[in-house]
Amino acid sequence: MSENTRDLTKGPVWWALVIMSAPMSLGILAVLSVGLVDAFFLGKIGGNALAAVGYIYPVTAAVTSLSIGLSAGANAMISQALGAGDDDDAAARNAIQALSFGVLMAALASLTLYVLHQPLFSIMGASDEVLTEIAAFMPWWCLSFPFAVTTMLINALFRAHGSSAVSAGFMVSEAVINIGLTPLFIFGWAFVPGFETAGAAMATFTARALIAGCSLTYAFHTGIISTCGAPFKNASNTVKGLLNVGAPAAISNAINPAGMALVTAAVATVGEAAVGGFGAATRIQSLALVPMFALSSGIGPVVGQNWGAEKYDRAAAAMKWAFVFCLGYGLAVGAVMFVFAEQLATLVASGGDATEFGATYLRVVGWSIFGYGFVVTANAAMNARSKAVWSMGLSLGRIFVVYLPAAWIGVTVLDYLGITYAAVLANVLAAIAAVGAVWMTGLFRSKKMDAAFA
């Protein structure tokens, strides 16, 4: 391995997980904060601007799943190659091929969304006034998406090399720039005019473009990516490797926002206050899940490098440590949510019945969020093991086999409380399924099992 690569195949496995995951907690928190800031400032413009964000978010989240999937593919391919001791030049060449393909896909996705966004949001039910706000936002967001994919892929490559602090640094820097520019571009100041809704997207475009340029420059400087005199050598194999993991991983990441939209439709049968409380509670839940999301970002390189190095015991140990953390942390958070549910819901909900609905969700569902941690960490590990189809199946099963039908049955029988029970059932069953999937894909493999998986 080169001097710019941290060897994750040596030393205590738990420490490898810590050094890869801890910085990502800050990075993920920073990314989540951008959406909250956009909603806060656009809400001050008026209801139409805030409603536009509500329509835009699930669509952009689904499109962003493309970059998350490609990042998973790049991480699996590069980390396994590094663990196997492949030539550093070959790894750098594969990295630039992966980056080039990812940016091309992002440009095509952006163009498609730009062309179709008006009819798409019309079908979703946006009024003419809200469509006007969406039309101001989407062109700048579409322009920014290829830059976002550039940075996300480079971040995945740094993590594959064991440099999660670099990845987190770019994420935090982008968020800081975005948050700083958002009120300036929305409301204006001094010589800068206010662009209102378009300003939020302009801030995102500026931040993404700046950090994409910085991350690309630094990646070339460190040798993480390189043309190596033959940039297209074995490019077809690189694209195949990306798609084998990236396509199922992209679907896996799109499943949750799509499924949650359908669950929200079940909540809506209870009333608007229930929707407000449910939304507030799930935002709090997202913040509580940040350490588990960070762990899912960290476990991929650890599993990938050790699997490539045929150190299967270490990959198995990483998986066991991840499950132990998710269980312990998840139950601790569940206890906090149970005790302080009312206070937490008050921070985000609009008050009254919405706050009570949010508190009910936190009291009940909080005890089961460890199960979602099992899912995201198992998915990341299986992606790193190039078993992304299993990850996709696990995510599909949790949402569409368990959560969604149980939510509709639950709301019919037990009103809003039935939806919270459905979430608990989905999380607990998914945790059991995650353990089974990890076993079936060989991630609990030991030396004694080598013959079975040869």
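Biologist: Before we start, what makes something a salt bridge here?

Modeller: A side-chain nitrogen of Lys or Arg has to lie within 4 Å of a carboxyl oxygen of Asp or Glu. This is a predicted model, by the way, and the structure holds three salt bridges.

Biologist: Okay, what makes arginine 208 and glutamate 174 a salt bridge?

Modeller: Their closest N and O atoms are 4.0 Å apart. The cut-off is within 4 Å, so the pair of arginine 208 and glutamate 174 is counted as a salt bridge. The two residues come from distant parts of the chain: arginine 208 sits in helix α6 (residues 197–222) and glutamate 174 in helix α5 (residues 164–187), 34 residues apart.

Biologist: Why is arginine 208 called buried?

Modeller: Its relative accessibility is 15%, and buried means under 20%, so arginine 208 gets that label. Glutamate 174 has 17%, so glutamate 174 counts as buried too.

Biologist: How do you know that glutamate 342 forms a salt bridge with arginine 363?

Modeller: The closest N and O atoms of that pair are 3.1 Å apart. With the limit at 4 Å, glutamate 342 and arginine 363 therefore qualify. This pair also links distant parts of the chain, with glutamate 342 in helix α10 (residues 312–348) and arginine 363 in helix α11 (residues 353–365), 21 residues apart.

Biologist: And what makes Glu342, Glu356 and Arg363 a network?

Modeller: Arginine 363 also meets glutamate 356 in a salt bridge, at 3.5 Å from N to O. Arginine 363 pairs with glutamate 342 as well, and salt bridges link Glu342, Glu356 and Arg363 in a network.

Biologist: Why is glutamate 356 called partly exposed?

Modeller: Partly exposed runs between the buried limit of 20% and the exposed limit of 50%. Glutamate 356 has 36% relative accessibility, so it counts as partly exposed. Glutamate 342, at 31%, is partly exposed, and so is arginine 363, at 27%.

Biologist: Are cysteine 214 and cysteine 326 buried or partly exposed?

Modeller: Cysteine 326 has 0% relative accessibility, so cysteine 326 counts as buried. Cysteine 214 has a relative accessible area of 43%, so cysteine 214 is partly exposed.

Definitions and conventions
Residues numbered from 1 in each chain as written. Predicted model: local features only at pLDDT ≥ 70, side-chain atom pairs only at ≥ 80, totals over all residues. Heavy atoms only, no water. Helix = DSSP H or I, 4+ residues; strand = E, 2+ residues; numbered from the N terminus. Buried < 20%, exposed > 50% of the residue type's maximum accessible area, 1.4 Å probe, protein only.
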